[in-house]
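Hi,

Here is the structure I promised to pass on.

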Amino acid sequence: MMSRRERLMSTLKGEPVDRPAVSFYEINGLDESPDHSDPFNVFSHPSWKPLVTLARDKTDRIVMRQVNKKSALSGVMSLKEYYENGSLFTINTIRVGSQILTSRSRRDPDVFTIWQTEHLLKNVDDLRAFLELPSFDMLRELDFDRIHETEKSLGDTGIVMLDLGDPLCNAASLFDMGTFTMIAMTEPALFHKLLEKFAEPIYKYVRLVSQHFPGRLWRIYGPEYASVPYLPPKYFDEYVVKYDSPIVNMIHKSGGFARVHSHGNLRDILDKIVSTGCMAIDPIEPPPHGDVTLEYVRKKYGSQLVLFGNLEITDIENLPNAQFEEKVKRSIEEGMSGNGRGFVLMQSASPYGRIVSENTIKNYESIIKIIECL
């Protein structure tokens, strides 16, 4: 029997494996701290323990890590935090000449996410002001030790995956979705300047980190901003392929593996994603959440791509166990059909509430039971 690390690395290389790898996505049994007293630590609830233990002991662990301790904007942004009714509120401000740009977010103690309540850029004038900022530095305060420590902790139970938001992700997340789509379609020249502003420091970062950590898996997230229903497919070439292809190339030059993350509809952009040169894709959501089946992607590009997917978190949380098990079997059958490069059974997301239901735990247990019987 292969070790979990061996199984994952062989999958990425397109080599034979003893069984398909299985990942619980963000839940890895390493980063969840049930004993931590932080009031925002949802994993401290006893209902999480069976899932965290299952991820630690039974999954092919893929642990996401970033090397930079701070965001590209931390050098120009002022931060203020305060608590109200148990929630943490954050106000970020940037001064550009006489103009002040402001964003606000909220974090609630029972939900493992951050809600953006006000976006930094509200209109074209804000964007023009933002472009006047000095170049961003993503190479400050890099923490290489954390990657080495994580790999040491994992041993032969899994691998580290370097996590990276692409230029589009960084740019689009500055706006609410309506403002982003309007500016991306009506002010393409201006929007390209914004993408270029983020691309330069990202390229420097990827070049350095990929040389320091060759042969690792990377996840590139953000391309879904240029997919339907947000933008027509023609913009995917302009805003994703143009800027992400150099990232993929740098990762592959170091012997690494670039995995493109894109939720939702894929049919109109799948060829374009592949044109970046990436070696893997996730999460390949089935209809009605997406518009292609795993079988479709396997037949079309299975020889080129390692496929990560395609179980929906809503199904894990809501479907009766017998019905969910049928979905697991179907995903494995479609993911392993034909002569593909490789397949990792994985969810589209993870639970993010403080309490994990018994049905959710039972369905997660079924994933392991079925994969181990192959």
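A residue is called buried here when its relative accessible area is under 20%, exposed when over 50%, and partly exposed in between (1.4 Å probe, protein chains only). Helices (H or I, at least four residues) and strands (E, at least two) are DSSP runs, numbered from the N terminus.

This is a predicted model, where local features need pLDDT of at least 70 and side-chain atom pairs count only at pLDDT 80 or more, while totals for chains, interfaces and linings use all residues. Residues are numbered from 1 along each chain as its sequence is written, and side-chain values use heavy atoms, with hydrogens and water left out.

Start with helix α3 (residues 124-131), which is mostly covered, with six of its eight residues buried. Those are Val124, Asp126, Leu127, Ala129, Phe130 and Leu131. The cover includes β4 (87-96), β5 (99-107), α6 (177-186) and α7 (188-212), going by contact (heavy atoms within 4.5 Å).

Now for the sheet. Eight strands make an open one, ordered β1-β12-β11-β10-β9-β8-β7-β2, and the pairing is parallel; strands pair if DSSP finds at least two bridges between them. β1 (21-23) and β2 (61-65) are at the edges with a single partner strand each, so one side of each has no neighbour in the sheet. Within the sheet, β11 (residues 306-311) and β12 (residues 342-347) pair over six bridges in the parallel sense, and Asn310 sits opposite Met346 in β12.

Finally, a helix contact: Leu294, Glu295 and Arg298 in α10 meet Ser331, Glu334 and Gly335 in α12.

Cheers
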